[in-house]
Amino acid sequence: MSIETSTARPNIVLILTDNLGYGELGCYGGGELRGAPTPRADQLAAEGLRLTNFNVEAQCTPSRSALLTGRYAYRSGTLTVPIGNPAIGEPEAQGLNPWEITLATVLSDKGYKTAHYGKWHLGSVEGRFPSNHGFDEWWGIPRTTDEVFWPDSPGFANAGIEPQYILEGKKGEPTQRLAVYDLEQRSHLDAEITRRTIDFIERSVQAGSPFFAYVPLTQVHLPTLPHPDFAGSTGNGDFADSVVETDHRLGQILDTLDRLQIRDNTIVIFTSDNGPDPTWPWQGSAGPWRGYYFTHMEGSLRVPFLIRWPGHIPAGRVSNEIVHQVDLFTTLSHLVGADLPSDRAIDGVDQTAFLLGQQSQSNRETVLAFVADRLEAVKWRNWKLAFYEETRDWFSTPSKLTLPKLFNLTTDPKEEYPEETLRNTWVIDRCLAAIRQFQDSLQHYPAIPEGTKGRFDPTTVSTP
């Protein structure tokens, strides 16, 4: 029996923070230790499931693409974060191809009201906005927060380049420009994202419709400028203040669910798109792991993940089983009784039984760690096989290893002792099998080339 036939279709609130590292929340060893208490996230963890081995892609655009499509970004051509003004090059070829099917599309087809408030980062032109990818309405920024520096930069005004705008759109209508996204707007954005999310939830409940609220907040991406109400609140600087503000925004949404008496029929997910940023003074913490985003290190791949569904997901559970963000597409589709697309490869596995506590093991054993178009590492259970030398940031040139390094992430969480390679070469076979399976799937479902315009025809593309 499907979940849909046994209970009312659950509402879904998916809150995606920006570059919130594994070590920031109190329930992951941060909180007070980092000078930024997070009581609402900690309470959410106590009321649901906390994963300690939830994996994401290494960059913002690939991560958001994987989350919404259930496919590794390598498949959909969303390999890297677009840099600079989208008017340069071919703007119509940047972002998520119109051929992709998103979680919002799937849920919309099942009668859900769908909304996106926050950072998109999957396309900056008509045809590639959220309203073109299954969302009934959206508000926020199309690209990255560091562009808030542009308007105040010397020489920018005479450069002939447009700044990034805060945008608003509805399905079937042209997207509207509202205001330049600059340093003045930056500190107010998450408050407005939250306000609009709450308004959408209220309207959906009044209409008697199940809803999907995708809430990609902009904190704690650089520059971490907190809302004026939180500036100086911790005494530990802007970053800590922004973490506390993020926790408060989560609390505002949770309180809304309680007030509207829909807590028990709403799935709440709180997670991050990437590991922390290494850029001073906005650097974050990966907790016990090493590395930052844009790398294949655990600090890049592992992020916080909390999920609550009262009466369905057992409260207070913690698991170190491997889960990947692509699994959310498959799992949530199953929970609402939707069929998966059959004309493309879907990398997400159904984790329904695992999340509901019906089994202790994840339905996944491996994770492929891509950085741009490079498969830099593979994880199998508690092991990682790395094909490239570890790097600290996106400025370093990746160096391919002559002999891959094998790490036991249980005994060596910092990935410092590759000598395990010599004693446990049997593990390599399991990792290579996962790669072969992925490569075999590319023979049947070729990857979409990065920068593809219009609709994709797989018959015209050679397999990588």
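Strands β1 and β9 run parallel and are joined by 7 bridges. In this predicted model, both strands belong to an open sheet of 10 strands with mixed pairing. Helix α10 packs on that sheet, where β1, β9 and β10 are the strands touched, and helix α3 lies across β1, β4 and β8.

- For Val268, the bridge partner in β10 is Arg308.
- Strand β9 is largely enclosed by the rest of the structure, because 7 of its 7 residues are buried.
- In general, side chains in a regular strand alternate between the two faces of the sheet.

- Strand β5 (residues 137-141) pairs with β6 (residues 165-170) over 4 bridges in the antiparallel sense.
- In this pairing, Gly140 has Leu167 of β6 as its bridge partner.
- Strand β6 is also joined to β7 (residues 176-180) by 4 bridges, and the two strands run antiparallel.
- Leu167 has a bridge partner in β7 as well, namely Arg177.
- The hairpin formed by β6 and β7 has 5 residues between the strands, and Gly172 in its turn has a positive phi of about 85 degrees.

**Helices on the sheet**

- Helix α3 runs at about 170 degrees to β8 (211-216), one of the strands that α3 lies across; the others are β1 (11-17) and β4 (113-119).

- Helix α10 (residues 326-335) is largely enclosed by the rest of the structure, since 9 of its 10 residues are buried.
- The buried residues of α10 are Val326, Asp327, Leu328, Phe329, Thr330, Thr331, Leu332, Ser333 and Leu335.
- Gly337 follows α10 and has a positive phi, near 80 degrees.

**Packing of α3 against α10**

- Two packed helices are described by the angle between their axes and the distance between the axes.
- The axes of α3 (residues 60-69) and α10 come within 6 Å and cross at roughly 20 degrees.
- The two helices, α3 and α10, are therefore roughly parallel to each other, and their crossing is right-handed.
- From α3, the residues Ala66, Leu67, Leu68 and Thr69 meet Val326, Leu328 and Phe329 of α10.
- This contact of α3 with α10 comprises 6 nonpolar residues, 1 polar residue and no charged residues.
- Val326, Leu328 and Phe329 are also among the buried residues of α10.

Conventions:
Residues numbered from 1 in each chain as written. Predicted model: local features only at pLDDT ≥ 70, side-chain atom pairs only at ≥ 80, totals over all residues. Heavy atoms only, no water. Buried < 20%, exposed > 50% of the residue type's maximum accessible area, 1.4 Å probe, protein only. Pairing = 2+ DSSP bridges. Axes fitted to C-alpha atoms, helices over the stretch in contact; angles between N-to-C directions. Parallel < 35°, antiparallel > 145°, perpendicular 65-115°, else oblique. Left-handed = near helix turned anticlockwise from the far one by under 90°. Contact = heavy atoms within 4.5 Å. Nonpolar A, V, L, I, M, F, W, Y, C, P; charged D, E, K, R; others polar.
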